[in-house]
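Subject: Structure handover and findings

Dear colleague,

I am passing on the structure below, together with an account of what was found in it. Please read the notes with the model open beside them.

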Amino acid sequence: MPAAEATKNTDRPLRESVRDTLRSRIFEGHYAPGTRLVERDLAAEFNVSRLPIREALRMLRQEGLIRDRTGRGTEVSGLSPKDVEDLFDVRQSLEVLACRLAAKRATAEDLKRLEQLLDEAGRCLAKGSILEAHRANSEFHDAITYIANNDFLRSALEPLQGRMHWLFRHVSDLPELIQEHRELYAAIASGDPDRAAAQSASHIGKYREQFPEESSATEPKLQRKK
């Protein structure tokens, strides 16, 4: 989508539309770690003033996806192997809690939303829309956090969300991932907090072991595992 078109959605603030477009470019490898993001150039590209660009960059900075470097300005962040390990530690603690709470609090409407996201991921995968399938899988995790309905938990996860989505994009075996999400959904839908927590811990631990070390400083690989 051209940058100017990405800002035409009048239902959302410009800063959020710009942020989402820039975030997608980072996730999809269009902006590799170290790429400079110049406020003036982005304003011209998006055909907007510099204010929404500045606000979008501020939000991405809070997510840890970009950083300020002396003498270089704003650039896309990378993650070291230790960063990845630390992020999995935090994810293991917070997401397991989110699934435990979601099992207690999910309404019929909440469960329907999770089902819709699973179906969307499956449809996208079937037609070869790999990036869209990744987006649906990321939204599945976000929806669980929403269902947990704990403001402190949400506040703790929010600054990590961008980097966690970046981790999700490194999963190459999407059919297996979607099946694991269906099993996680079933655990949450059962209403058993212990089952949901155990399923979440297993899910995260599995992908922690499979995470490729060489990807920690590069863009995600977006192909399916052969």
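Predicted model: local features only at pLDDT ≥ 70, side-chain atom pairs only at ≥ 80, totals over all residues.

At 1.5 Å a residue, the 19 residues of H7 should span 27 Å, and the end C-alpha atoms of H7 are 28 Å apart, which agrees; the expected span is taken as 1.5 Å times one less than the number of residues in the helix. Helices (H or I, at least four residues) and strands (E, at least two) are DSSP runs, numbered from the N terminus.

Residues are numbered from 1 along each chain as its sequence is written, and side-chain values use heavy atoms, with hydrogens and water left out.

As for the chain as a whole, its secondary structure comes to 11 helices and two strands, and from the N terminus on the elements run α-α-α-α-β-β-α-α-α-α-α-α-α. Of the 226 residues in the chain, 46% are buried, where buried means under 20% relative accessible area, exposed over 50%, and partly exposed in between (1.4 Å probe, protein chains only). The accessible surface of the chain comes to about 11500 Å², of which 48% belongs to carbon and sulfur atoms; these areas come from the Shrake-Rupley method with a 1.4 Å probe, and for residues only the protein chains shown count as cover. Among the contacts (heavy atoms within 4.5 Å) with a separation of 6 or more, 75% are between residues 24 or more positions apart.

In H11, the buried residues are Pro193, Ala196, Ala197, Ser200, His203, Ile204, Gly205 and Tyr207, and the buried residues of H11 pack against H5, H7 and helix H10 (174-189). Leu174, which is found in helix H10, is buried, with a relative accessible area of 1%. Leaving aside residues up to four places away in sequence, Leu174 touches Leu125, Ile130, Ala133, His134 and Asn137. Leu174 and Gly122 are 52 residues apart in sequence, and 9.0 Å apart in space, C-alpha to C-alpha.

Two cavities of 30 Å³ or more were counted. A cavity here is a set of points, on a 1 Å grid over the protein atoms alone, where a 1.4 Å probe fits but cannot get out, and lining residues have an atom within 4 Å of a point. Grid points are joined across faces, edges and corners, and a volume is the space filled by probe spheres set on the points. The second largest cavity, with a volume of about 40 Å³, is lined by Glu95, Ala98, Cys99, His141, Ile144 and Thr145, and helix H5 (81-105) and helix H7 (130-148) each supply at least two residues of that lining.

Finally, two asparagines deserve a look. Asn47, in the loop between helix H3 (39-46) and helix H4 (50-62), has a positive phi of about 60 degrees although it is not a glycine, and at 65% relative accessibility Asn47 counts as exposed. Asn149 follows H7, with a positive phi near 55 degrees; Asn149 lies in the loop between H7 and helix H8 (151-157) and, at 52% relative accessibility, counts as exposed.

Technical notes. 1 Å grid on protein atoms, 1.4 Å probe; cavity = no way out; pocket = protein on both sides within 12 Å on 5 of 7 lines; lining within 4 Å.
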